Amino acid sequence: MGNFGIGQAIRRVEDQRFLTGAGQYTDDVNLPGQAYLVILHSPHAHADIVSIDTTAAKAAPGVVGVLTQADLDALKVGDILNLAAPPDMNGKKLEVPSRPALARGRVRYVGEPVAAVVAETLLQAKDAAELIEVEYAELPAVADLAAAVAAGAPVVHPAEAAGNVWTHWQLGDKAATEAAFTKAHKVVSVDLINNRIAPTAMEPRAALAEYDPKTERYTLTTGTQGGHKIRDWFSKNILNIPADKVRVITPDVGGAFGMKNFLFNEPIACMVAARMFGRPVKWTADRAGSFLNDVHGRDQVNHAELALDKDGTFLGLRVSSLGNVGAYLSQYGAAIPTMAGCAMLTGAYRTPAAYVDVKVVFTNTTPVDAYRGAGRPEAAYVMERLVDKAAREMGVPASELRRKNFIRPEEFPFKTALGHKFDSGRYADLMDAAYKRGDVAGFEARRTESKKRGKLRGLGTSYYVEACAGGAGEQPHLKFDANGKLTILIGTQDNGQGHRTVYAQIAADAFNMPIENITVIQGDTDLVPTGVGTGGSRSIPIGGSAVKQTVMKMIENGKAVASNLLEAAAEDIVFEDGAFKIAGTDRKASLQDVVKASFDATKRGSNQQPGLYAAENYAPTGATFPNGCHVCEIEIDEDTGVLEFVNYTIQDDLGYAMNPLLMEGQILGGAVQGLGQCLFEHAVYDQDSGQLMTGSFMDYTMPRADNTPRFHFAYTEVPSPHNALGIKGAGEAGTIGATPAVANAVIDALTPLGITHIDMPMTSLKIWQAIQAAKAAKAA
């Protein structure tokens with residue numbers, strides 16, 4: 001359908017339901033007889049549990065029961081699993097510290113769940129939780145990365161990570177990189193802090209568990225990024241029961257950003273309680289609990305060096321990092337500072353030699369795992385800060401240094417020094433387009449005008465490239481009903497991106513049918529047979545390609561049915577304009593007629609199923625590499641340090657656009673999160689006590705409408721050869737490009753004062769302090 005097919009910027013089909021209040025999130029779901037669960041969190045960052053007395057809590061009004069880890073251990077409930085073990089460069093055998101759902105003998109971060117109270121009402125559960133008496137023996141804590149690896153630091157897991165370093169990982173050719181640095185004309189270095197941030201999804205995590213003793217079956221309703229993995233983790237790792245004894249239902253999800261991909265403590269407690277107490281059990285996080293126990297993101301320290309020859313050609317890259325995983329290993333926590341992003345450190349450039357080493361470090365803080373971009377924003381931030389600094393020190397425009405070192409279109413596919421094989425790109429063209437649209441040529445005149453008004457104007461560029469949408473495939477299940485309505489069952493999970501719309505567009509385009517006759521079902525492991533889930537910008541490149549491939553199989557099935565209706569050979573049947581035709585004739589059967597015939601066993605053939613049913617498993621041939629140029633222009637008030645955005649231009653290559661409107665929404669939302677990290681957001685721990693100092697929106701600053709720019713977005717379609725639709729992932733790209741672009745703009749504005757570095761978040765206070773220090777130094 002021309003108005004609703006591929007490439008059309010239609011609004012989400014979900015919008016009407018959400019805007020009229022008909023959305024249903026986990027906390028909206030209630031069951032008869034449900035009880036409420038409340039978690040007692042540790043008030044200490046590091047302490048032995050001497051004793052837990054639940055007597056008073058159990059006797060409190062309305063209390064159904066109280067759980068501690070002793071109860072879970074008695075039931076042989078498994079610990080939370082780890083799925084990432086980056087090999088140690090020295091051959092050290094990695095032992096994974098146990099991570100119980102409720103603290104077992106010791107707490108290791110403020111907010112760690114210690115006990116769970118189940119009561120008739122939420123208020124009764126909260127009151128009873130305050131009656132639990134826990135005797136703690138406090139231990140020294142360490143919350144800072146640098147402090148954690150210093151001699152004599154408190155050790156979080158003595159048996160598994162002496163000195164708090166769990167693994168020391170490496171990537172690249174060290175010898176070749178050292179040789180490149182030996183012959184370098186210029187070496188530029190940066191020391192960066194990639195600040196810790198909290199995911200702060202609009203919808204807090206929640207869980208509603210029920211157990212049916214007749215079928216011995218659990219049902220968990222919870223917000224996820226794919227229920228099949230949660231089901232499998234519960235069956236294999238937590239409850240040790242067959243997978244068909246666990247059903248996971250995911251209703252609407254109000255934001256996820258990586259965080260809802262993981263298995264947490266509270267749903268485990270709900271599942272155990274539902275069986276133990278014989279009734280449904282519901283838990284919903286409050287915002288304070290979310291700050292304490294939702295996995296955090298980023299938190300790295302990077303030292304990076306770039307070697308250049310006298311003409312500015314990149315010769316080599318060296319990066320040494322510390323990556324904080326918090327007090328325990330979340331499912332992919334150790335992969336984020338290592339395997340997930342480090343291979344992208346060479347960026348969009350022909351850097352011939354590179355080497356990186358990373359120490360994965362435990363601290364007495366909330367566990368850290370994937371947050372939108374998951375390692376790739378960290379890599380882009382390092383490289384783009386390095387490139388800008390190199391340009392300043394060599395006295396050349398940053399755009400020309402980038403252009404000189406960009407991978408050229410004719411060099412694709414391009415094998416990088418860190419192992420990736422980039423698929424396609426026109427980097428210089430995109431940068432030129434962004435510079436033209438952002439009027440970079442007129443910037444110096446605008447800077448002069450700003451100076452007359454007491455303002456410091458800065459221009460920052462970043463050119464990002466990221467790897468995404470590779471790996472495992474998806475297998476959607478598609479079928480028409482007898483009335484010609486199409487249902488798509490698929491195991492990815494919409495968290496607000498608009499999957500239902502884009503999947504329907506792909507099918508509507510292929511079948512030439514109205515989009516309103518297509519239903520997309522996700523989020524129920526009983527209804528959707530298979531699924532990998534959403535993450536790494538994979539859903540539309542992989543899930544969309546799988547839908548496309550399955551639709552093509554359905555059309556082939558339809559040709560077999562149509563051949564019976566039209567009394568022709570199947571190989572003579574073509575599908576055009578919503579009808580099956582005998583090639584070269586005017587004889588045809590409508591899609592509706594063929595679908596209806598498929599429900600008649602005498603007409604569809606022995607190898608066909610009713611409704612043209614098909615379920616094709618599609619896996620990409622490789623990752624995709626979306627890329628683009630962000631150009632950020634700002635003004636800073638020299639007297640106050642207050643920053644204002646003047647202009648923000650984005651030119652992206654995301655492959656073919658399935659829905660330009662939704663694609664733009666993904667990019668802009670990601671860009672706001674990226675600039676939020678750069679300027680505002682910071683999860684701060686007290687270095688002595690390990691207390692989270694920014695545990696509410698009173699202290700944790702979020703980007704808002706009045707402190708974010710009006711973005712000017714455009715895209716250039718350079719298709720990827722690695723999937724059936726030529727798409728490159730868009731879900732994380734905006735975040736990856738924004739952080740270094742804004743940081744480079746701030747540094748550019750302050751460079752005339754002699755300021756060449758500020759750590760994120762670059763708050764107005766930090767900027768003002770840097771300005772005052774620079775003025776004082778100049779006066780001295």
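Residues are called buried under 20% relative accessible area, exposed over 50% and partly exposed in between (1.4 Å probe, protein chains only). By this definition Phe18, at 26% relative accessibility, counts as partly exposed, and so does Tyr25, with 27%. The structure is a predicted model, in which local features need pLDDT of at least 70 and side-chain atom pairs count only at pLDDT 80 or more, while totals for chains, interfaces and linings use all residues. Residues are numbered from 1 along each chain as its sequence is written, and side-chain values use heavy atoms, leaving out hydrogens and water.

Turning to the aromatic rings, the structure holds 18 aromatic pairs (ring centres within 6.5 Å, with the six-membered ring taken for Trp). Phe18 and Tyr25 form a stacked pair (planes under 30 degrees apart), with 6.3 Å centre to centre and 25° between the planes. One aromatic cluster is formed by Phe314, Tyr349, Phe406, Phe412, Tyr427 and Tyr463. The charged end of Arg318 sits over the ring of Phe181, at 3.7 Å from its centre.

An open sheet of three strands (DSSP E runs of at least two residues) runs in the order β19-β20-β21, with mixed pairing (at least two DSSP bridges between two strands). The edges are β19 (477-480) and β21 (518-521); each has a single partner strand, so one side of each is left without a neighbour in the sheet. Strand β20 (residues 486-489) pairs with β21 in the parallel sense over four bridges, and Thr487 stands opposite Thr519 in β21.

Technical notes. Phe/Tyr/Trp six-rings, centres within 6.5 Å; stacked < 30°, edge-to-face > 60°. Lys NZ or Arg CZ within 6 Å of the ring centre and 35° of its normal.
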